[in-house]
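Trainee: I'm new to this structure and would like a close look at a single part of it. Could you walk me through the sheet in chain B and what lies around it?

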Amino acid sequence: MPGKPVNTATKNERKLNFWERLYLPEVLKGLGWSIRKIWKEPSYTFQYPEEQWYPSDNYRGRPVLVQEEGKTRCVSCNLCARACPPMAISMESREIDGPKEREPVWFEIDMLRCIYCGFCEEVCPEEAIVMSKEYDLTFQDREEAIFGLDRLLVPKERLADRLAFLRKQQNPQFGSTWEYPRENNRHSLRDLTTDAESIQTEQ
Amino acid sequence: MSIIEQLDFSKTLSYWPRHNEAIYRRLESKHAWLEERHHPDDDEAVDPLDNEMILNIGPQHPATHGVIRCVVKLDGETIKKCVLDIGYLHRGLEKLAESKTYQEFMPYTDRMDYLSPYSNNVAWCLAVEKLAAIEVPERAQWIRMIMSELARISSHLLWMGVSLMDAGAVSVFLWTFQFREDLYNIFDEVTGARLTVSHSRIGGLVTDLGEKGIEMIEDFIERFPVAVGEWEKLLNRNRIWIDRVDGVGVLTAEEAVELGMTGANLRGSGVGHDIRRFEPYLKYDEVDFTIPIRTEGDALARYFVRMEEMKEAIIIIRQCLDRLPEGEIRSDDAKRSYPGKDEVYYSMEGLIHDFMVTDTGVCPPNGAEAYHAIEAPKGELGFFLQSDGTGRPCRVRINSPSFSNLQGLESMLEGGMMGDMVVMIATVDPVLGEADK
Ligand code: SF4
Ligand code: SF4
C-alpha cells in the first residue's frame, strides 16, 4: 500500500507551556546535553596525515594499470578512453608479437580530469585497468598531473584485494546462469595450438 | 566588414556590468505585493531606521548555502523588494548531456544535488529506462530504494544542521554530521565512493549490496531513530528555536502551488503532494509509509515535516530490507546494459556487447520522449529526454526541485525581516548545484 498524506501535527506542538517559556531551563537543558555529548560520543575525526584511512575493497581510488610479469595487461583497445566521461584517457597502440598482439606505446590518464567514476574498469575487456585505493593525490602543476605508463603500472600482487573483489562482486554473470568455456578466452588466432595448450597447462 | 570590427568583444566583455544594471532595474521596477499582503504601515511614528537601502547578499555569503545572490531593497529592517540572481554555478549540464551517451552522463548527475547524489543517479537511470523500455530486476529496484532513502536522510541531516547553525545553534551541526559520516561510510561500502556515488547503471546497478553493507545499514537504522528522538526532545520544545522560526516565511497552500514549490516546502503548506504516492516508481507502491504534512506553511512547519520524513525514511528502509529478494542486479538484456564480466572475458558475444554498449549505448527509438520524476529529498526531480534514435539524447531538460523552490523565495522574503532572511533561505533548502545546473 502506498503512503498517504497525514497531518501528523500533535496538539500544542507550537504552544509552549509556562516552564518551557521560562527560557532558562531550556538553555540549561541544551548546555547539559552538549556537555554530555562531549563525554559520551565516540571520536569521528582522523589525525589525517599521521593517521591514514584504509578504504574498503569497494573503494574507487585512482585508476591504475595492472602489471603482469613485467608487462601491462592492456591490449590498447581504446575502450576505456571511449567510456571515460570526462575524456581523461588517451593512448597510442602498436602491434607486438605474442598472444596479446597489441599494447600501448604510451598510455596517459589526466588525473585532473578523472572523476573516479570507475567506468574504465567496468568496460575493460582484459581487467587491465582497475581502481586502486590511493586517494590522496597532489600536484604542483598541470604537467605533473598527467600520469604516464611509469606511474600507472602497478604490479598485480599489490592489487590483489581489488581483483579479488571484482571477481566476487562485479564479474559474475547477471541473469540466467551461463556456462562459459574458458578456452574461449583466446587472445590470438595466429597460433591456435599454443594458445589452447597454454590454457590447458594453466588449468 | 573589417577584421577589427569582428574582433570587437566589447559586448561580450561588458556582460557583467549589463547584467548588474538589469538586476537593479528589475528591482526598481518590480511591483511588490507587500502593501497588500502584509500589514499596511499606517503608524506614523518616526523610525530611526526608516530609510531605504539596497543591499546585496551573496553570492559568497556563507548563509546563502552556495552561490545565490539576493538583491534586496530594505526599508529599515523590512525587506521591501527582493530579486534573486542565480546562475553562479551554471555548468551547462543540459547541453553537456547532448554530447554524452546515456550511460556517460550518469556521473554528471552526482554533481547536481551534491547532498543526495544517489537520488539523482536513480532519477536519471529511471528516466532513461522509461525512454528505452528497459526492465530492471527486482533486487536492483529494492536496493535503489534503500539507498535513495538513505540519501534523503543524508540531505535532510545536512539541511537540519545547517539551518540550525544559521539560527545560531552550531553544535547541532556537529551532531548531524556525525550521522552523515556514518551514511558516507555506508555509501562508501556499498557504492565505492563517499560523495560521487555513480552506482546506478542503465538497467540496474554496478555492484550488489553485500553482507557488510546490509549490516552497516541495519546498524544505522537501529541507532538513528534514537538520535532523532533526542534531537526532537531538545528542539521541539525549545523556546529559542521555536521563537526563531514560528511564523517566518509563511506560504499559504495556494501560494505554494502557484509558485510551484515542491517537496517539503509544499507539504509544509498543507498540500499533500508526493510523487512516491501519486506516480509511484520503483516499489514505493508496495511499502507502507505516511507522508507527513503541516498546514501552517512557515519555517517551523517545514522543520517538522522534514524531521518526520527522516523517520519515515527509516520505516521504508526497514520494509525494504525485510523484502529484499535474492537475484540479479542488472538487466539480462545485453543489447541494453552491460553484460556480466565473465561473459565479456570468455565469450565473443559478450565482448562485442561490451564494445557496443560502451560505444553506441542504448538507442531508444527515434522520436521517443519521456519525462520521469522522482521524489528527491528536495522535491520533484524530473528528467525530460528526447531521443533521435542514436545513443545520445537529442535534448535533455532537468526539472530540478531547488530551482522550483527558489521561485517561492522571492515572495517569501518580501515583507520579512532582514534577520529572518537566513532562516528563510535555510528552510527552503536550495542546493545551487542543482538550481543552476
Ligand atoms: S579498456 Fe582495458 S585493454 Fe582496452 S585500452 Fe583500456 S585498459 Fe587497455
Ligand atoms: S575513473 Fe572514470 S574518469 Fe577516471 S579515467 Fe576511469 S573512466 Fe575516466
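Mentor: Here is a walk through that sheet, its helices, its domain and then the other chain.

Keep in mind that this is a predicted model. The sheet is an open one of 3 strands in chain B, in the order β1-β2-β3, and the pairing is antiparallel. Two of these strands sit at the edges, β1 (52–57) and β3 of chain B, and each of them pairs on one side only. If you ignore direction, neighbouring strands are turned by 20° against each other on average. In general, strands of a sheet pair through backbone hydrogen bonds, either parallel or antiparallel.

Let's zoom in on one pair. β1(B) and β2(B) run antiparallel and are joined by 6 bridges.

Helix α3 (residues 15–29) of chain B lies across β1, β2 and β3 of chain B, and it runs at about 145° to β3(B). Helix α18 (residues 401–413) of chain B lies across β2 and β3 of chain B, running at about 160° to β3(B).

Next, step back to the domains. The assignment for chain B gives domain 1 (17–85) and domain 2 (93–435). Taken over C-alpha atoms, the centres of these two domains of chain B are 33 Å apart. Their contact takes 22 residues from domain 1 of chain B and 19 residues from domain 2 of chain B. On the domain 1 side, α4 (34–37), β2 (69–75) and β3 (78–85) of chain B each supply at least two residues.

Finally, look over at chain A. Here 60 residues of chain B are in contact with 49 residues of chain A. Elements giving two or more residues to the chain B side include α9 (170–191), β6 (290–293) and α15 (299–323) of chain B. That side of chain B has 22 nonpolar, 14 polar and 24 charged residues. There is strand pairing between the chains too: 4 bridges join strand β1 (residues 4–7) of chain A to β6(B), and these two run parallel. To find the place, look for A:N7, which stands opposite B:I293 in β6(B).

Notes. Residues numbered from 1 in each chain as written. Chains lettered and ligands numbered in written order. Predicted model: local features only at pLDDT ≥ 70, side-chain atom pairs only at ≥ 80, totals over all residues. Contact = placed C-beta atoms within 7 Å. Nonpolar A, V, L, I, M, F, W, Y, C, P; charged D, E, K, R; others polar. Pairing = 2+ DSSP bridges. Domains from an automatic or database assignment. Axes fitted to C-alpha atoms, helices over the stretch in contact; angles between N-to-C directions.
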